[in-house]
Amino acid sequence: MQVVRLPTTFCPSRWRGLAPRHWMVQALVACCVVGSAVALGSQPVYAETPPVYLGQWGEYGSGDGQFDTPDGLVIDSQGYIYILDTNNSRIQRFDSSTTYVSQAGEAGPHPGELHLPQGLAVDSSDNFYIADTGNYRVQKWDRNGAFVSQIGAYGSGDGQFEWPVAVVLDRAGNLYV
């Protein structure tokens, strides 16, 4: 797996003076509203029909199915929905009917623990990758919520991060942070 670190000039938040998390949320909302997605290294892919509002679930809190600053969402190949619950330092798993299934992670600095995670991606094997923002690293977890590995540390050199807020995998499995 190749990890590519994007230059800070790439980050739109630097252009507008916003915190990175704010432009990410705006970008997520914009993609959902427009109904399109962009795959790295290819042309944009547009939905055949406009998106349809299907509903919402959850409420503020720290219990099962509750959220405190949800900041990422991915759906695996089996249809499970993973939501990154930033201020609760965890990932919650729901089935396709939005019923709570399980959670992974807890607050802390050790491997398998999270601190203000903000970015989430899933690979073709249904492993998911978390931008563990407050711990300056990216963590890999399996589909069952078990910690697998991590990369990164605080700094500005190769393999080092300062507040990583997004992770994306391309079709070849390369991870972009």
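Predicted model: local features only at pLDDT ≥ 70, side-chain atom pairs only at ≥ 80, totals over all residues.

**Entry 1: the whole chain.** I counted elements and got two helices and 15 strands. The chain has 177 residues, and I found 36% of them buried. I also looked up the contacts with a separation of 6 or more, and 40% of those join residues 24 or more positions apart.

**Entry 2: a sheet.** Next I traced an open sheet of four strands, which run in the order β10-β11-β12-β13 with antiparallel pairing. Which strands are at the edges? I found β10 (119–122) and β13 there, each pairing on one side only. From one strand to the next, the twist averages 20°.

I then zoomed in on β12 and β13, whose antiparallel pairing runs over four bridges. Along the way I noted tryptophan 141, which stands opposite phenylalanine 147 in β13.

**Entry 3: aromatic pairs.** How many aromatic pairs are there? My count came to seven. I took tryptophan 57 and phenylalanine 94 to begin with: their ring centres are 5.4 Å apart and the planes meet at 70°, so I wrote the pair down as edge-to-face. The cut-off I needed for that call is over 60 degrees between the planes.

Where do these two sit in the chain? Tryptophan 57 is in the loop between β3 (44–46) and β4 (59–60), while phenylalanine 94 belongs to strand β8 (residues 90–94), so the pair ties together parts 37 residues apart in sequence. Is phenylalanine 94 buried or exposed? I put phenylalanine 94 down as buried, because its relative accessibility is 1%. Tryptophan 57 comes out at 30%, so I marked that residue as partly exposed.

I moved on to tyrosine 136 and tryptophan 163, another edge-to-face pair, with 5.4 Å centre to centre and 75° between the planes. Tyrosine 136 is in the loop between β11 and β12 and tryptophan 163 in the loop between β13 and β14, so this pair ties together parts 27 residues apart in sequence.

I also jotted down a cluster: ring pairs link Trp57, Phe67, Phe94 and Tyr100.

**Entry 4: back to the two loop residues.** I wanted the backbone angles too. Tyrosine 136 isn't a glycine, yet its phi is positive, at about 55°. Its loop runs between β11 (128–132) and β12 (137–141). With 22% relative accessibility, tyrosine 136 counts as partly exposed; the buried label would have needed a value under 20%.

What is phi for tryptophan 163? I read a value near 60°, again positive in a residue other than glycine. The loop holding tryptophan 163 lies between β13 (147–151) and β14 (168–169). I noted a relative accessible area of 41% for tryptophan 163, so that residue is partly exposed.

**Entry 5: a charge over a ring.** Which residue has its charged end over the ring of tyrosine 80? I found arginine 93 there, with its charged end 3.8 Å from the ring centre.

How values were computed:
Residues numbered from 1 in each chain as written. Heavy atoms only, no water. Buried < 20%, exposed > 50% of the residue type's maximum accessible area, 1.4 Å probe, protein only. Contact = heavy atoms within 4.5 Å. Pairing = 2+ DSSP bridges. Axes fitted to C-alpha atoms, helices over the stretch in contact; angles between N-to-C directions. Phe/Tyr/Trp six-rings, centres within 6.5 Å; stacked < 30°, edge-to-face > 60°. Lys NZ or Arg CZ within 6 Å of the ring centre and 35° of its normal.
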